[in-house]
Amino acid sequence: MPTKDTKTASGSDAAPEITGQTSLPISRIKKIINLDDDIVQCSSNATFVVAMATELFIQYLVEQGHNVVKSERKPRKTVQYKDLATAVSRIDNLEFLADVIPKTTTYKQFKQKQAKDLSKDVEVQQGQRTLNGALPPIADASPETPNGKEEASVPRSSRPPTVTMLVDDAGDSQVKDNDVEMADQ
């Protein structure tokens with residue numbers, strides 16, 4: 001990219017003005033900038049700076065992906081998606097891209113993780129009750145079927161006793177409106 005030195009009216013050297021071409025099409029960048037409702041007008045110099053910053057960012061991202069490839073036991077000549085995802089997960093500067101470039105998993109790994117998470121949920125739910133005293137729904141062993149009959153897989157004697165909340169609305173002067181009594185059934 002060629003540079004051109006400029007001098008101010010006082011004769012001192014000013015910052016060099018960068019001129020040249022970008023790899024990204026300026027017209028497309030202008031269209032993308034114009035899609036933002038907050039930006040009313042954007043100069044051609046600002047569009048050029050956005051294009052150059054975008055190119056530098058892409059270069060940095062690819063370099064980090066290439067570093068991941070070089071660090072493998074058997075380096076390759078091509079940078080793949082998984083290399084960029086690894087770079088995003090390892091490098092703090094690229095952390096904001098975690099949603100855009102997530103690590104991929106195989107279907108088998110996904111199903112194993114899902115089964116593991118489900119087993120954790122079942123462990124947590126055992127012995128817990130909802131506010132109305134009913135058992136929470138468990139994916140594998142539901143105590144009641146939709147028609148209201150109990151299943152044979154969960155005997156009634158193994159379930160904890162039902163707890164109900166009683167609220168006194170009688171207006172008793174000794175009991176405040178916020179008091180709640182718990183009773184076992």
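User: How exposed is Arg76, and what is its relative accessible area?

Analyst: This is a predicted model, where local features need pLDDT of at least 70, side-chain atom pairs count only at pLDDT 80 or more, and totals for chains, interfaces and linings use all residues. Residues are numbered from 1 along each chain as its sequence is written, and side-chain values use heavy atoms, with hydrogens and water left out. Buried means under 20% relative accessible area, exposed over 50%, and partly exposed in between (1.4 Å probe, protein chains only). Arg76 is partly exposed, at 23%.

User: Which residues does the salt-bridge network join?

Analyst: A salt bridge puts a side-chain nitrogen of Lys or Arg within 4 Å of a carboxyl oxygen of Asp or Glu. Arg76 meets Glu72 at 3.0 Å, N to O. Arg76 also pairs with Asp83, with the closest N and O atoms 2.7 Å apart. Shared partners make one network of Glu72, Arg76 and Asp83.

User: Is Asp83 buried or exposed?

Analyst: Asp83 has a relative accessible area of 1%. That value makes Asp83 buried.

User: What distance separates the end C-alpha atoms of helix 2?

Analyst: Helices (H or I, at least four residues) are DSSP runs, numbered from the N terminus. The expected span is 1.5 Å times one less than the number of residues. Helix 2 has 27 residues, 44–70, so it should span 39 Å. The end C-alpha atoms agree, at 39 Å.

Terms used:
Helices (H or I, at least four residues) and strands (E, at least two) are DSSP runs, numbered from the N terminus.
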